[in-house]
Amino acid sequence: MTVFEIGDIVTIKSHPLFSSAPKQINEFPAQVPPLMLVKEVIYEKEDKKKVYSDVIENAQIADVVKYICVFFNANKSEFVEKEVYHSLLESYLKLIYYRKPEKDDKKIDLDKQLVPEVSKYTLVSNYLYGKKVQFKTKKLEHRKSYSNSGERIPGSSFQTPDFILSGIKNEEQKDLFFHDGEPKRKITKQLYRVMWFNHVQQKFSEHYLPKEFFVENLDI
């Protein structure tokens with residue numbers, strides 16, 4: 001099993017852009033799952049974790065690896081955390097994005113540049129108070145193309161605003177290993193505090209997140 005790392009972009013395997021060919025999304029926007037970033041990796045002991053059903057043979061019901069994943073709920077203007085098992089997730093690298101060709105409006109084409117571009121993003125390595133930064137999923141969420149684009153549903157957007165660096169702290173490195181030395185959890189070493197305008201509450205909000213979540217400011 002290849003375990004995802006802190007800051008990796010993932011989503012659940014039912015995302016409509018995990019397709020065999022480029023296409024516009026047919027589902028309503030509110031039904032499309034968010035792209036998420038891995039905040040923490042959690043390992044569980046096979047001899048202590050119930051992975052298979054007691055009553056149905058070979059029926060897997062859990063994993064020994066799970067993640068705390070983070071996404072931005074634009075409808076509430078807040079970050080959301082969710083625990084998800086490894087087997088339910090896939091890397092964004094397998095997403096296939098639709099691109100509208102310039103000459104033939106009816107043709108469906110593959111966007112060959114977006115995912116490779118995102119994979120080469122430069123992380124914000126040097127903290128600078130007041131610096132503008134972006135969440136790694138911003139462009140990926142922005143570029144989704146819907147066939148029913150005229151029927152937008154409130155709460156369907158996971159696109160983030162740009163953020164301002166407003167603080168920094170080290171993450172306490174404790175409880176990372178089991179007694180036998182095997183890894184128990186994996187976390188970031190440093191957190192950035194970011195600030196943004198919360199349009200829902202009409203105030204400025206702040207939140208601490210792993211520094212691996214943020215990249216240098218880019219044009220969308």
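How do the residues of the lining of the largest pocket divide into nonpolar, polar and charged? Keep that in mind for View 1. First, some ground rules: this is a predicted model, where local features need pLDDT of at least 70 and side-chain atom pairs count only at pLDDT 80 or more, while totals for chains, interfaces and linings use all residues. Residues are numbered from 1 along each chain as its sequence is written, and side-chain values use heavy atoms, with hydrogens and water left out.

**View 1. Here is the lining of the largest pocket.** Phe4, Asp8, Tyr92 and Lys136 are among the residues that line it. The lining splits into five nonpolar, three polar and two charged residues.

**View 2. Glutamine 134 sits in strand S8 (residues 132-135).** Strands here are DSSP runs of E, at least two residues, numbered from the N terminus. Because its relative accessibility is 2%, glutamine 134 counts as buried (under 20% relative accessible area, 1.4 Å probe, protein chains only).

**View 3. The largest nonpolar core has 31 residues.** Such a core is a set of buried Ala, Val, Leu, Ile, Met, Phe, Trp, Tyr and Cys residues joined through side-chain atoms within 4.5 Å. Phe79, Tyr97, Phe135, Leu140, Phe163 and Phe214 have the most contacts inside it. A second, separate core of 17 residues includes Val3, Phe4, Phe71 and Val84.

**View 4. Phenylalanine 79 and some of its neighbours.** Leaving aside residues up to four places away in sequence, phenylalanine 79 touches Phe71, Phe135, Trp196 and His207, among others (contact means heavy atoms within 4.5 Å).

Note on methods
Helix = DSSP H or I, 4+ residues; strand = E, 2+ residues; numbered from the N terminus. Buried < 20%, exposed > 50% of the residue type's maximum accessible area, 1.4 Å probe, protein only. 1 Å grid on protein atoms, 1.4 Å probe; cavity = no way out; pocket = protein on both sides within 12 Å on 5 of 7 lines; lining within 4 Å. Nonpolar A, V, L, I, M, F, W, Y, C, P; charged D, E, K, R; others polar.
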